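Subject: Structure handover

Hello,

Here is the structure for your files. My notes on what was found in it follow below.

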Amino acid sequence: MCTIAAVEAILVTMILGIHFEIGEKVIKIGSNPTLLLRHVNDAPIFANADYLSLIKGRGLNPLLQNYWMTIHPPTLFLGFASTVVPFAYAIAGLWYNDHKAWLRPAMGWSLFSAGILGTGILMGSFWAYEALSFGGYWAWDPVENASLVPWITLVAGIHTHLIAQNTGYAKKSLYFFYLISFILILYSTFLTRSGVLGDTSAHAFTEMGLEWQLVFLMAFFTFMGFGLWAYRFRSMDHPEKEESLYSREFWMFIGALVLMFSAVLITASTSLPVFNKIMDWFSPGYIGKVIQDPIPHYNKYQMWIGVFVAILSSKSLFLRYRNTDLQSIQKKLLKKFSIYTLVSLILTWFCSKWIELYSWQYYILCFSGLFAMIANTDYIISYLKGSLKAGASAIAHAGFGMMLVGILASGLNKTPISSNPFVFQGMFTKEDLARYVQLIRGKPLYSKGYFITYEGDTLVDRTRTYTIKFQKLNDSMEVIDEMTLHPNAVYSNDFTKVAAFNPDTRHYLDKDIFTCVVGLPPALQNIEEAKAIEDSLKFNTYTFQKGDTVALAKAKLIFEGVSYTPRHDEYLKNTHDSGIAFRLKVIPNDADTIYHIETALGIDGALLYKYPESIEDLGLRIQPDENLIRDFFTPDDQLEYEDITIKNFGSTTWQGYTFKLTGFNKDPEHKNYKNEENDIAIAAELSISDSEGHQFTVKPIYIIRENIPMSIKDYVAEEGLHIRFSNIDPGTETFTFKVAKDKRSFDTIKLAIAEDVPRTDYLILEASVFPGINLFWGGSILMMIGLFLAMWVRWYTGGVRPK
Amino acid sequence: MGGIENHKYAFDSNIKTMLNKNTIIALLLITAGIVVFITASRDVSTYSTFADAAGGERTKIVGTLAKNKPMTYDPENDPNTFRFFMTDSKGTEKEVILQKPKPQDFELSEQIVVTGKMQNESFVADEILMKCPSKYKDEEIAIKEQQ
């Protein structure tokens, strides 16, 4: 038998190879994966083999730049591809009409395939949950369904495989499941790659001309597989006795049927677009059908599948293959099941206190999930004496139960923290419609037991990261927990718009707090919008004298004075030769807050910078009139310099100022001066005092470069004094300076003020609590562990079966 | 390994009842299938037009964005409402009030599917799906234009 198995194994690998070959050949007809873009597109840019260096792309969509996205597709692909192994085994079995020899070697592979495919699906849902902003891990999207269905049929296949291996029953269905799993994998590829899902899926897959190859591939394997299956149908012998009602295989078989039922339902609903397309063929103009609300549609049916599977998977393990000697264990089983039921009922009651279960259906689902957890755990403890190796199936089944409870908790009880009073009352029953709130920077918002505060944001490269503080309050409004979450917005490579919003999640043991920015002020979201808004602002010019008050719609403005040392935040970030700030006091009409603001102008060389100031709460934007700059600063070429000479450490007066030469620096530094070889550079240190006793220090520089004298002036902004160091007479130790004063003849200043400016200091936030989501992840991970454990047992320990 | 030497059960007296059991399962499955199919078909409808939705039932409408009409989204006052005009497959133009923030790249959409119901003269929707032109096709055009 071993020889047959070995020969079969070799044959199987041969078939396997051929299959791959056919697969690849077929694909090659459509699109050769080794072709380069430059082979396909006949454009001059591609004449250069190194064309990639010429292109500056927009980069990958930031949604896809996530490490889960890097690891999830390859895993899924390995899962997809590995389903070919059980398929090939099944084909080989049919081909050689030997329905027994392949069962043993194939088992490990099937478990491997189910484990990897399942892990891939889970990674995908974790990616969706962590990186996507839709707030959830499963949405019954066609693409998700397309990968889930083959997994379900594969799991059903594994169960019938066990039956066949242990009792010889269920071979027809075993073949069916392994064949259909692989064909469904192809179908799934067809669904996602053919563009047929365009209207119903969030995944934008494009048509790429592969549809017909895919259809052919599918048809080929369907006919081959099921042709052989039908051909060998009669020869698939099985024990003449029907399964006993008290045998494990009977209930496993029922379980497999339930799984198949689930697969059929999901496939039918997901395939509507395909059905529509086919119908359109036969009767052009056929109006396509579509599922109204996909998520409830799927949930409503699949929850019963969940109930059946949970209950079946718990009780079947207690039965033996062939026939259970019920007499001897009846009492014990009865007792055990009563305890399980009781404990599950009690726990269901506790669950209903913890999470909202809404209707009796959910109570049943919760009960069956708990039942599966308890029964299977007890099975490991009391029957297998804690041997995890033998308990792979019980682990997976308990995990399934746990996953059900997790889905109930996190899916059914996902509650928005962010609630909004503006939603249409009574229009929709779904409460989560109001789950988006506007948060203004620095203003805490109370919602559903939390204070939510948008504290600020920082921009690093293309990512703007927001700091959102959540404070959980108890009934007496005391802060009992505090956390800070950092969702972000990623700008496109050219910085013209926000390309994606990434959520942030705080994981607790019993719940997750999920938050995502879903919107920003239009001006921050898109550069074109920003321009449009900027252009639409209506600035009115107001003329002020010092102390003047201007009354606007929402506030009074008082001009307090001019400052030559602006403190404007943006001003301080740049370097300027000089600048001026206009200080204002703003008194809102309906609030106690008084704002002290300044708007500034800055000069750097020939460039003029304008620093507008906004009061978001009042919708005000204030900026200085550009022409003001001439009233305060005179361009150098229009200045009338006068010479003053000072003897070493002496002093002189000019227009009421006293200039005192206090020292020299032979190694001067200045932002406009770069030392060159053979330069002679000296900075003079002058102390200037005015008649009121104000003191200023200036350091003009005198430079001789290649025998040409030059100077770098210094400036006293407050007084508008320009000082140049123009000559040194070494003989008399006399130093000549050129001095000039800005012509500051102003009585009034002009400020441009816009009212009703849209705010830019807010964001739209979605925040939700997912209670018990770790039960979902934990349960599904347990299922995978169970599968891998079973695989390991098959591969490395030669099979261990509980007594 | 599990053999199939179960000959001693070959003449089991229960064989008839066992057959019946399988028949029962098959019947149950078929019934369940039919029941599910009938109930499930109620969840299915066709993409309708604004005219079809006039009755006030919940429907899905396919259409395109009416680009010449105004879009309003005022998150300062109500972040959960976005209004725009949509032209359905029959060419009827109606206002859509979406109970969600304005989706990203909304202006680029080639096709829109909204789910909701008619309320007065507007279609109040709580679900939206947009079909956007392929980024890659776009880039191809961009490359060709550069020549």
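Arg464(A) counts as buried, at 18% relative accessibility, where buried means under 20% relative accessible area, exposed means over 50%, and partly exposed is in between (1.4 Å probe, protein chains only). Its salt-bridge partner is Asp457(A), with the closest N and O atoms 3.0 Å apart; a salt bridge here is a side-chain nitrogen of Lys or Arg within 4 Å of a carboxyl oxygen of Asp or Glu. Asp457(A) has a relative accessible area of 25% and is partly exposed.

On conventions: this is a predicted model, in which local features need pLDDT of at least 70 and side-chain atom pairs count only at pLDDT 80 or more, while totals for chains, interfaces and linings use all residues. Residues are numbered from 1 along each chain as its sequence is written, chains are lettered from A and ligands numbered from 1 in the order in which they are written, and side-chain values use heavy atoms, with hydrogens and water left out.

Chain A

Chain A has 803 residues, of which 51% count as buried. Its secondary structure consists of 19 helices and 31 strands; these are DSSP runs numbered from the N terminus, with helices being H or I of at least four residues and strands E of at least two. Among contacts in chain A with a separation of 6 or more, 66% come from residues 24 or more positions apart, contact meaning heavy atoms within 4.5 Å.

Domain bounds come from an automatic or database domain assignment. For chain A they give domain 1 (1-280), domain 2 (292-524 + 759-803), domain 3 (527-618) and domain 4 (636-741). Taken over C-alpha atoms, the centres of domain 2 of chain A and domain 3 of chain A are 50 Å apart. Eight residues from domain 2 of chain A and six residues from domain 3 of chain A make up the contact. Between them these two domains bury about 630 Å², with 46% of it on carbon and sulfur atoms; buried area is the accessible area (1.4 Å probe) that two parts lose on being put together, summed over both.

The rule finds two salt bridges across this interface. Arg759(A) pairs with Asp617(A) in a salt bridge, the closest N and O atoms being 2.6 Å apart. On the side of domain 2 of chain A that touches domain 3 of chain A there are three nonpolar, two polar and three charged residues. The classes are: nonpolar for Ala, Val, Leu, Ile, Met, Phe, Trp, Tyr, Cys and Pro; charged for Asp, Glu, Lys and Arg; polar for the others, Gly among them.

Chain B

Chain B is divided into domain 1 (11-41) and domain 2 (52-131). The C-alpha centres of these two domains of chain B lie 47 Å apart.

A salt bridge joins the side chains of Glu95(B) and Arg83(B), at 3.5 Å from N to O. Glu95(B) is in strand β5 (residues 93-98) of chain B and Arg83(B) in strand β4 (residues 82-88) of chain B, 12 residues apart. Glu95(B) counts as buried at 18% relative accessibility, whereas Arg83(B) is partly exposed at 31%.

Glu107(B) and Lys102(B) also meet in a salt bridge through their side chains (2.8 Å, N to O). Glu107(B) counts as partly exposed, with 31% relative accessibility.

Over all chains, the structure holds 18 salt bridges.

Regards
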